[in-house]
Amino acid sequence: MPELSESEIRSFQQARGLSVTGLVDEVTARALEEAQWKLGDRSLNLQEPPLMHGDDVAALQSRLTEMGFDCGRVDGIYGPRTELAVKDFQKSVGATVDGKCGPATIIALIRLTKIVSGGAPSILRESANQKNRGPALANKTIVLNPDGDDPLVYDVAVRTEGRLLALGASVFLTRGEKNNPSESERIAFTNNSNADLMISLHEDSYKNENAHGAATYFYGSEAHGVHSIVGERFASLVQREICARTDFANCRTHAMTWDLLRLTKAPAVRIDLGYKTNPGDIGRMSRPDFRDVIAEALVIAIQRLYLAAEDDAKTGTLRISDLRKAGIRR
């Protein structure tokens, strides 16, 4: 692979939904390696870890998904669920059912691919799963992921946990007050918990102290043409609730392909609660009453995610006491 200039690296990172640094770190190097593979360049199959990964796997998953075969999330990783979808496809076209995507399977895919009317099946499934769980928080499992060992976001997570528990939700934190699991351990913990939603709480930082404000991120890839519809909806809700209830600057909602968002099975959203390098933002987050407001904004956004449109309320107007009075817990 030819050596890339800093501007080319930045352009690639921007297009792939990665942090734009201009440096080839471990994540960017892996993305560059994945980008070199196009569907048909090699045979794809389930292997012992490390699993096969690349843009060719993502293209395969996209084609299967368009035809209604359930690969789960289009993440570019050839795992057991992708193998099962390949087998289902092979069975449907009368091909050898071995779960391996070789030349014959690829040719059949290209010939038979069609777009399903009404939206991609993976999006429809994700939306349907959300609706089937109903509006009550009592049957929801929420995972809160306080970033690193940051005590302020941990405190926000604990305050949010208490409010969710009071409304009947099952809540798990990925870490305690002092331990600091790796990102892969946090992802595995969330996946093993069968969560309905994963919320990752952060404080951002920047070399210039003028950077400030709150932002939210959900899984989405322009390169692969996919996104989490529930993740995008929740990111938008929580961004609006936080900005309506606080004086945080609105740094908007963005699609990214970070591993935490891509590899978590449940809809996952990262929330940046200001910049720890900005005096104003850190001053806000240092106040217990401000962290209370953030916790309430999170809980209200979670509830709004599961409310039908006709039951929803204007941003910034609902209170947790309203949920209790309305009997949401039932």
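Modeller: The contact runs between helix 9 and helix 12. Helix 9 brings Val 230, Arg 233, Phe 234, Leu 237, Val 238, Arg 240, Glu 241, Ile 242 and Arg 245 to it. From helix 12 come Val 293, Ile 294, Glu 296, Ala 297, Leu 298, Ile 300, Ala 301, Ile 302, Arg 304 and Leu 305. Sorted by class, this contact holds 13 nonpolar and six charged residues, with no polar ones. Keep in mind that the model is predicted.

Now the geometry. Two packed helices are described by the angle between their axes and by the distance between those axes. Here helix 9 spans residues 229-245 and helix 12 spans residues 288-306. The angle is about 140°, and the axes lie 9 Å apart. The crossing of helix 9 and helix 12 is right-handed.

Next, the empty spaces. A probe the size of a water molecule, rolled over the atoms, shows where such space is left. One cavity of 30 Å³ or more is counted. The largest cavity holds about 140 Å³ of space. Its lining consists of Arg 16, Leu 18, Val 27, Arg 30, Ala 31, Glu 34, Tyr 219, Ser 221, His 224, Thr 257, Asp 259 and Arg 262. Helix 2 (26-35), strand 4 and helix 10 (259-262) each give two or more residues to that lining. Helix 2 has the largest share, with four residues. By class, the lining of the largest cavity divides into four nonpolar, three polar and five charged residues.

Two of these lining residues, Arg 30 and Asp 259, also pair with each other. Their side chains form a salt bridge, at 2.6 Å from N to O. This pair joins distant parts of the chain: Arg 30 sits in helix 2 and Asp 259 in helix 10, 229 residues apart. The model has 19 salt bridges in total.

An open space comes next. The second largest pocket has a volume of about 750 Å³. Its lining counts 29 residues. Leu 18, Ser 19, Val 20, Met 256 and Trp 258 lie nearest the centre of this pocket. Strand 4 gives the largest share, five residues. The pocket lining splits into twelve nonpolar, ten polar and seven charged residues.

Last, the backbone. Most residues other than glycine have a negative phi, and most peptide bonds are trans. Two places depart from this. The peptide bond from Pro 49 to Pro 50 is cis, with omega near 5°. Pro 50 is in the loop between helix 2 and helix 3 (55-66). Asn 194 is not a glycine, yet its phi is positive, at about 55°. Asn 194 belongs to the loop between helix 8 (183-192) and strand 3 (197-204).

Conventions
Residues are numbered from 1 along each chain as its sequence is written. This is a predicted model: local features need pLDDT of at least 70, side-chain atom pairs count only at pLDDT 80 or more; totals for chains, interfaces and linings use all residues. Side-chain values use heavy atoms; hydrogens and water are left out. Axes are lines fitted to C-alpha atoms, for helices over the stretch in contact, and angles run from 0 to 180 degrees between N-to-C directions. A crossing is left-handed if the near helix is turned anticlockwise from the far one by less than a right angle, and right-handed if clockwise. Contact means heavy atoms within 4.5 Å. Ala, Val, Leu, Ile, Met, Phe, Trp, Tyr, Cys and Pro count as nonpolar, Asp, Glu, Lys and Arg as charged, and the others, Gly among them, as polar. On a 1 Å grid over the protein atoms alone, a cavity is a set of points where a 1.4 Å probe fits but cannot get out, and a pocket is an open set with protein on both sides within 12 Å along at least five of seven lines; lining residues have an atom within 4 Å of a point. Grid points are joined across faces, edges and corners, and a volume is the space filled by probe spheres set on the points. A salt bridge is a side-chain nitrogen of Lys or Arg within 4 Å of a carboxyl oxygen of Asp or Glu.
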